[in-house]
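Trainee: I am new to this structure and would like a close look at a single part of it, the sheet. Could you walk me through what is there and what lies around it?

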Amino acid sequence: MTDKEQMNLFDLTPSAIPLADLPHAEGSTKSPENSKSTRASKKNNLAPATPLPEHEQFASLDALREVACNCQKCPLASTRTNVVVERGDRKAKILIIGEAPGEQEDLSGLPFVGKSGQLLDKILESVGLDTNKDIYVCNTVKCRPPNNRVPTEVETNTCKPYLLEQIRLVDPKIILLTGATSLKSILGEKLGITKVRGQWYEWEGRLVMPIFHPSYLLRNQSREQGSPKWLTWQDVKAIKAKYLEIIGDDSAVDDDEEF
Ligand code: SF4
């Protein structure tokens, strides 16, 4: 697949701007945003996840799903239609964490199936990743907040054991945090998404990269250098390169970044 074809896949509404007009359009991934200094992984003082006591852990994702689907632990239970637990491959090496279910997700019971989800699929598809085969997708909270408001800290914290258990049971090598809420939930609250997106972090023995939420990209359609979409394009190529490195395939992505 050519870069042009990839970029078209990446866009829900293909822009009239030709790929040739984009910086680094010929496949080079060298850019300031892709430099070793900004891409270097960060060992940091982020708060570690507090694992559930062993007697509270789930034996399987099926067991987790069953309990979550009947959960009444926070106020969101009273307004949801469906509990939105997961979609994708339960053995995936890449796990994506979004914020919370929206209307379509609440109705379907599946995360990231609305317009944002379609764009997420396109973004991943642009580098040959299939959300149903290569990725596991879940949210910080499993029930839709009314009017799509941001989940409260109480809701996020109450639901967090499910999220931590999903991470433990799927056991991904790479975690992608889409947007500020999942970033706050996993890496802590002192980090701004615009400052940390595209950077690798080491967290609980896994590689974590914050990326822009697809809904933010839908509101920012520019492809100019430095735009959210352009930056995400760089990020997704770095993610694919790291994924290939992890699975031992160094053939597909022209990316000379070092971890
Ligand atoms: S958001 Fe999480 S903690 Fe709250 S009711 Fe739904 S599953 Fe339970």
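Mentor: Let's start with S5 and strand S6 (residues 206–211), which pair in the antiparallel sense over three bridges. Please keep in mind that this is a predicted model. Within this pair, Glu202 stands opposite Leu207 in S6. In general, strands of a sheet pair through backbone hydrogen bonds, either parallel or antiparallel.

Now step back to the whole sheet. It is open and has six strands, in the order S1-S3-S2-S4-S6-S5, with mixed pairing. At the edges you will find strand S1 (87–88) and strand S5 (201–203), each of which pairs on one side only.

A helix comes next. Helix H7 (residues 180–187) lies across strand S2 (94–98), strand S4 (174–178), S5 and S6, and runs at about 130 degrees to S4.

Let's move on to two other helices. Helix H3 (residues 61–68) packs with helix H6 (residues 153–170) at an angle of about 165 degrees, and their axes are 10 Å apart. Angles over 145 degrees count as roughly antiparallel, so H3 and H6 are roughly antiparallel to each other. The crossing in which H3 passes H6 is left-handed. On the H3 side the contact is made by Leu61, Leu64 and Ala68, and on the H6 side by Tyr162, Glu165, Gln166 and Leu169. Sorted by class, this contact has five nonpolar residues, one polar and one charged.

The ligand is surrounded by 14 residues, and the closest are Cys71, Cys74, Ala77, Cys143 and Cys159. By class, the shell divides into nine nonpolar, two polar and three charged residues.

How values were computed: Residues numbered from 1 in each chain as written. Predicted model: local features only at pLDDT ≥ 70, side-chain atom pairs only at ≥ 80, totals over all residues. Axes fitted to C-alpha atoms, helices over the stretch in contact; angles between N-to-C directions. Helix = DSSP H or I, 4+ residues; strand = E, 2+ residues; numbered from the N terminus. Parallel < 35°, antiparallel > 145°, perpendicular 65-115°, else oblique. Left-handed = near helix turned anticlockwise from the far one by under 90°. Contact = placed C-beta atoms within 7 Å. Nonpolar A, V, L, I, M, F, W, Y, C, P; charged D, E, K, R; others polar. Near = placed C-beta within 6 Å. Pairing = 2+ DSSP bridges.
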